Amino acid sequence: MAISAIMTGAPITATGGLCFADQSVAFPDDADTALDAAWIRGGYIGEDGVTRTTDASDEKIRAWGGDAVKIVRTEHSITYTWQFLESANGDVLKLIHGEENVTITPPTSTVRGKIEIKQTAKIPPRKAFCLDMRDDEASLRELIKDGQITTSGDAVFVHSDVIRYEVSVEAFPDAEGVKAVSLIGIPVTA
């Protein structure tokens, strides 16, 4: 037993714990290697952080007489959920709504900038996702090489809170059945 094995999952930086990219991007093979420049930082995430949910349905096969003789898995999914807090972050809006549905006009010295979002039913393309976390000297990284983002919940427009986009990412399996990879970087001991 070691106290050092008890970990928290704080983001590496407040505005960069969650990153996303096209699926062709280079993936690190440890929890400490710097991410390729193609990874886009997702900005601030709500205080509840990111939740990974593993949903598995198993069925017991019983023999005559009622004894369980085998267990088969009938369903399995891994889903990550969180809330984006930066409701005017162009990269996040393109991720959520699809690049073709978001138009960004930057401001000039005389003209105010604008963001236009077309609210459609079309699901945006799959992306790769990376969660970078730390606990003191240890580092944690969750990699989703093939993820589909979907929005759920309400976007509430109220004077007493920020606009939040609640999203989920379904992790799809690769050719070997791997849906996500968890990496832990353990600090050097004295």
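Because the model is predicted, local features require pLDDT of at least 70 and side-chain atom pairs count only at pLDDT 80 or more, whereas totals for chains, interfaces and linings use all residues. Residues are numbered from 1 along each chain as its sequence is written, and side-chain values use heavy atoms, with hydrogens and water left out.

Helices (H or I, at least four residues) and strands (E, at least two) are DSSP runs numbered from the N terminus. Strand β9 spans residues 138-151. Of its 14 residues, 11 are buried, so β9 is largely enclosed by the rest of the structure; buried denotes under 20% relative accessible area, exposed over 50%, and partly exposed the range in between (1.4 Å probe, protein chains only). Pairing of two strands requires that DSSP find at least two bridges between them. By this criterion β9 pairs with β8 in the antiparallel sense over 8 bridges, and Lys127 is placed opposite Gly147 of β9. The hairpin formed by β8 and β9 has 2 residues between the strands, and Asp136 adopts a positive phi near 55 degrees there. An antiparallel pairing over 5 bridges links β9 to strand β11 (residues 181-185), with Leu140 opposite Ile184 in β11. β9 and β10 also run antiparallel and are joined by 5 bridges; Thr150 has Ser168 of β10 as its bridge partner.

Within β9 lies Arg141, which counts as buried because its relative accessibility is 3%. The side chain of Arg141 reaches the backbone oxygen of Asp30 at 2.9 Å. Such a polar contact is a pair of N or O atoms within 3.5 Å; within protein, one must be able to donate a hydrogen and the other to accept it, and residues adjacent in sequence count only if both atoms are side-chain atoms. Not counting residues up to four places away in sequence, the contacts of Arg141 (heavy atoms within 4.5 Å) include Asp30, Asp32, Cys130, Asp132 and Ser182.

A nonpolar core is defined as a set of buried Ala, Val, Leu, Ile, Met, Phe, Trp, Tyr and Cys residues joined through side-chain atoms within 4.5 Å. The largest such core comprises 22 residues, of which Leu18, Trp82, Phe84, Phe129 and Ile149 touch the most other members. Two or more residues are contributed to this core by each of β2 (18-21), β5 (68-84), α1 (90-97), β8 (127-135), β9 and β10 (165-171). Phe84 touches, among others, Leu18, Val92, Leu95, Ile96, Ile149 and Val167. Apart from this core lies another, of 10 residues, among them Cys19, Ala21, Leu35 and Cys130.

A search of the whole structure finds 0 disulfides, a disulfide being a pair of cysteine sulfur atoms within 2.5 Å. Cys19 is in no disulfide, and the nearest cysteine sulfur, that of Cys130, is 5.7 Å away. Cys130 is likewise in no disulfide. Both residues are buried, with relative accessible areas of 1% for Cys19 and 0% for Cys130.

Helix α1 is mostly covered, with 6 of its 8 residues buried; these are Gly90, Val92, Leu93, Leu95, Ile96 and His97. Asn89 caps the N-terminal end of α1 through a side-chain oxygen that lies 3.0 Å from the backbone nitrogen of Asp91. Gly98, which follows α1, has a positive phi near 95 degrees.
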